[in-house]
Amino acid sequence: MMSPNRVSEDRGSPSHNFRHTPLQIIHIAANFMRIWSIYSMYRYFLQTGASVVLFLFACLAPASILFLILQKPWKGRPLSNTQVVPSIINGGITALYLVLWGKGLKSCGPVRAILAEYSGAVLGVLSSVLYGRRNQMWKKIGGLIAMLASLYLLSEGWATSTYSPFYILTQTCCKLNWNLPWEDRDDSEAQTQTEPILGMKQMLVPIIAGILSALRRVIARRVSIKNQLKRRLHALTIASATCFMFPLAMWDMIIGSSSESDSNRKLPFSAWAFLSTILFGNIVIFYADSIAEERLHMVFSSPRHLAAASACIIIMEIVYKMDFSLTGFVICCLILGFGIYEATSLERNRKDSIRNSDLSNGEFDNQIQMSPLPT
């Protein structure tokens with residue numbers, strides 16, 4: 001006879017973690033491809049000056065069709081109005097999130113836009129107010145201050161080599177590199193003058209987008225109970241987001257065609273930018289995050305997810321030769337990860353209490369047949 005404590009220890013054993021290694025590799029690879037698609041999208045915006053709304057709509061429409069073909073929400077058990085109506089409303093939130101996030105990506109750059117998505121952890125502060133856990137309030141406030149401080153440092157250019165406090169040290173190291181000709185060194189120094197200091201006013205757009213992204217995930221979790229139902233409702237959400245974005249795209253096309261800056265409203269075709277955004281930016285990342293949430297118990301707004309995304313960002317910044325400061329970026333990520341950890345402390349405590357209560361009930365109710373642990 002095996003006790004519940006023994007089962008909980010087995011769940012955290014090295015063999016149990018080793019079985020989850022392929023899933024972790026899949027999740028990291030999917031996030032890497034998604035971040036790669038973001039950098040290709042950003043480079044596409046810089047080179048072509050295309051409209052953000054038109055590009056996102058052109059990528060979201062095929063993605064919604066593929067989701068509908070894969071999930072077939074019209075088959076199986078009929079969906080109730082209490083599930084369909086919130087999913088449609090969630091589609092409107094998703095459309096607004098995509099538009100704001102795309103605007104923030106074009107104006108703030110990929111590093112700030114990606115890290116600003118984790119600002120949705122501020123909803124943890126609201127959860128502490130709703131649940132009435134006043135003893136956890138100081139942790140929530142500390143986490144909120146840390147997240148705001150990290151985003152402020154990002155807006156001030158700490159993640160860029162041009163405006164980082166470690167810029168002087170970097171320039172000294174570059175001058176000591178005698179392997180480069182003086183012409184190449186001058187070109188590299190001129191090339192780093194790319195990303196300006198934004199300030200928190202410009203960072204509000206990606207921050208609001210990150211909060212909306214967290215809100216749509218919360219609504220999706222509340223509406224769908226089972227995993228298969230979650231995927232069916234997500235197909236409806238993406239289709240609804242496409243419908244909400246359609247008039248915005250048409251309005252942007254009409255206004256762009258009638259204005260003098262018609263060249264900024266064109267939508268030239270780039271195979272990799274479109275295909276990577278459709279496949280990796282919408283479809284693959286959804287299934288990867290669903291697997292990570294169901295099997296690995298890793299949600300988006302978590303320090304583990306931030307650590308995986310940060311490693312992918314470092315690789316992309318080096319490959320694309322961006323204006324990047326590794327030291328400043330790591331400091332900003334550490335502060336942001338600490339803020340997320342403190343802001344989500346209530347959710348971890350609730351999960352631990354539920355798990356402990358289930359274990360204690362299993363000891364007194366039935367020692368032979370124990371109820372499964374909650375996921």
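Tutor: Angles under 35 degrees count as roughly parallel, those over 145 as roughly antiparallel, those from 65 to 115 as roughly perpendicular, and the rest as oblique. The angles run from 0 to 180 degrees between N-to-C directions, and the axes are lines fitted to C-alpha atoms, for helices over the stretch in contact. Helices (H or I, at least four residues) and strands (E, at least two) are DSSP runs, numbered from the N terminus.

The model is predicted, so local features need pLDDT of at least 70 and side-chain atom pairs count only at pLDDT 80 or more, while totals for chains, interfaces and linings use all residues. Residues are numbered from 1 along each chain as its sequence is written, and side-chain values use heavy atoms, with hydrogens and water left out.

The protein chain has 16 helices and 0 strands. Buried residues (under 20% relative accessible area; exposed is over 50%, partly exposed in between, with a 1.4 Å probe and protein chains only) make up 45% of its 375 residues. Contact means heavy atoms within 4.5 Å. Among contacts in the protein chain with a separation of 6 or more, 85% join residues 24 or more positions apart.

Consider the pair formed by helix 5 and helix 11. Their axes come within 8 Å and cross at roughly 155°; the two helices are therefore roughly antiparallel to each other. Helix 5 passes helix 11 in a left-handed crossing, a term used if the near helix is turned anticlockwise from the far one by less than a right angle, and right-handed if clockwise. The contact of helix 5 with helix 11 has 17 nonpolar, 8 polar and 2 charged residues. In this classification Ala, Val, Leu, Ile, Met, Phe, Trp, Tyr, Cys and Pro count as nonpolar, Asp, Glu, Lys and Arg as charged, and the others, Gly among them, as polar.

Helix 11 (residues 200-223) also packs with helix 8 (residues 137-155), at an angle of about 120° and with axes 9 Å apart. That angle makes helix 8 oblique to helix 11, and the crossing is right-handed. Leu151, Tyr152 and Ser155 of helix 8 make this contact with Met200, Met203 and Ile207 of helix 11. By class, the contact has 5 nonpolar, 1 polar and no charged residues.

Helix 8 also holds Leu154, which is buried, with a relative accessible area of 1%. Leaving aside its neighbours within four places in sequence, Leu154 is in contact with Val111, Arg112, Leu115, Ala159 and Cys332. Leu154 and Gly328 are 174 residues apart in sequence, yet their C-alpha atoms are 8.6 Å apart in space.

A further pair is helix 3 with helix 14, whose axes come within 9 Å and cross at roughly 50°. Helix 3 is thus oblique to helix 14 and passes helix 14 in a right-handed crossing. The residues of helix 3 that meet helix 14 include His27, Phe32, Trp36 and Tyr39, and their counterparts in helix 14 include Arg304, Ala308, Cys312 and Met316. By class, this contact has 11 nonpolar, 4 polar and 2 charged residues.

Beyond its neighbours within four places in sequence, Met245 is in contact with Val53, Leu56, Phe57, Leu60, Ala95, Leu98 and Val99.

The loops complete the picture. Gly49 lies in the loop between helix 3 (21-48) and helix 4 and is buried, with a relative accessible area of 16%. Its C-alpha atom is separated by 9.4 Å from that of Lys106, 57 residues away along the chain. Lys72 is in the loop between helix 4 and helix 5 (81-108), and its phi is near 50°, a positive value in a residue other than glycine. Most residues other than glycine have a negative phi. At 32% relative accessibility, Lys72 counts as partly exposed. Lys321, in the loop between helix 14 (303-319) and helix 15 (326-343), also has a positive phi, near 55°, and at 66% relative accessibility counts as exposed.
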